Amino acid sequence: MRITALNVHPVKSTAIRPVEQAQVTRAGLAGDREWMVVNDFGELVSARELKPLYSITADTAVTGLRGGSDLRLSAPGVEPLLIDRPLVGQPATVTMFNYPPMPARSAGQEADDWLDRALGTSGLHLVWCSEPALRALDLDHSRDGDHARFQDGSPVTLLSTASVRQLGDWLAQEALEHGEKPPTFGAERFRPNILIDGVDTAFAEDTWSRVRVGTVDFRVAERVSRCVMTTVDPETFEGGKEPVRTLARYRRDEGRTWMAIHLIPDSEGTISVGDEIVAD
């Protein structure tokens with residue numbers, strides 16, 4: 001088994017940024033979901049609520065940004081914006097889903113105004129995760145000291161191409177039964193950090209307890225439950241029933257549908273496309 005793709009998402013819910021190499025920290029892949037969009041109440045605004053977030057491309061040094069700035073935002077119809085990390089100032093409190101509040105620092109009015117122009121909205125704010133070590137994880141699936149930035153659930157997600165292929169077969173069968181055109185889905189609908197090839201059995205990753213990726217060790221925290229966000233085409237913003245309808249038929253358990261696994265790093269290091277995967 002080997003890594004076939006690595007992905008980061010510098011701003012949560014914005015465009016996927018593929019990389020050839022990634023530095024693993026205890027808080028996840030460096031450059032992954034370090035920034036987030038919130039409303040006036042400090043609550044997460046994701047592509048679940050605002051699909052055009054997919055149209056924003058965010059770049060950092062991890063994805064090739066050069067010139068000294070920490071973040072570049074670009075989107076159709078507006079000039080790109082360069083932003084530096086807000087390293088000083090009193091952190092604000094932000095919230096994500098039902099997780100406990102966490103500290104973050106505002107990127108400033110210029111960034112907020114840019115978001116409103118790019119998305120045709122008002123009242124959005126860009127924040128940076130200034131203290132990831134203070135964001136504790138669900139202790140049912142983690143240990144004291146485990147932490148993350150603005151990722152859902154845990155720092156890293158992994159998915160196998162075998163599972164994606166099996167889903168494709170199920171989708172084709174489901175479409176045939178309903179007299180519909182078979183949809184085409186790739187792994188990008190599930191936004192995994194690590195996509196791997198060489199797994200013999202679809203969803204074998206569900207059974208793993210530990211994974212070594214290159215030279216970095218991870219614990220498997222739990223499976224990833226999937227939501228309506230996977231039903232939205234990131235290019236057209238059009239929604240539909242799939243893949244949640246099919247996942248609910250074949251992969252429903254505990255009242256939720258599942259695809260991919262959450263990982264928590266037990267060590268740090270560099271991983272690259274082509275690195276070997278060893279699982280227990």
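Arg 143 is found in the loop between β11 and β12 (156-160), where helices (H or I, at least four residues) and strands (E, at least two) are DSSP runs numbered from the N terminus. At 48% relative accessibility, Arg 143 counts as partly exposed; buried means under 20% relative accessible area, exposed over 50%, and partly exposed in between, with a 1.4 Å probe and protein chains only. Leaving aside residues up to four places away in sequence, Arg 143 touches Arg 210, Arg 219 and Asp 266, a contact being heavy atoms within 4.5 Å. Ala 221 is 78 residues from Arg 143 along the chain, and the C-alpha atoms of the two are separated by 9.8 Å.

The model is predicted: local features need pLDDT of at least 70, side-chain atom pairs count only at pLDDT 80 or more, and totals for chains, interfaces and linings use all residues. Residues are numbered from 1 along each chain as its sequence is written, and side-chain values use heavy atoms, with hydrogens and water left out.

**The chain as a whole**

The chain has three helices and 19 strands. Its radius of gyration is 19 Å, close to the 19 Å that the globule rule gives for 280 residues, so the chain is as compact as a globular protein of that length. The radius is taken over C-alpha atoms, and the rule is 2.2 Å times the number of residues to the power 0.38. Along its principal axes the C-alpha trace spans about 50 × 45 × 35 Å. Of the 280 residues, 51% count as buried. Among contacts with a separation of 6 or more, 70% are between residues 24 or more positions apart.

**Helix α1 and the strands around it**

Helix α1 covers residues 109-119, and its buried residues are Ala 111, Asp 112, Trp 114, Leu 115, Asp 116, Ala 118 and Leu 119. An α-helix has 3.6 residues a turn, so residues three or four places apart point the same way. The buried residues of α1 pack against β5 (35-38), β7 (71-75), β8 (78-83) and β11 (125-128). After α1 comes Gly 120, with a positive phi near 65 degrees.

Two of these strands, β5 and β11, pair in the antiparallel sense over four bridges; pairing requires that DSSP finds at least two bridges between two strands. Trp 35 stands opposite Trp 128 in β11. Strand β10 (residues 102-106) also runs antiparallel to β11, joined by two bridges. Here Ser 106 has Val 127 of β11 as its bridge partner.

**Backbone features in loops**

Two phenylalanines have a positive phi although neither is a glycine. They are set out below.

A cis peptide bond joins Glu 242 and Pro 243, with omega about 10 degrees.
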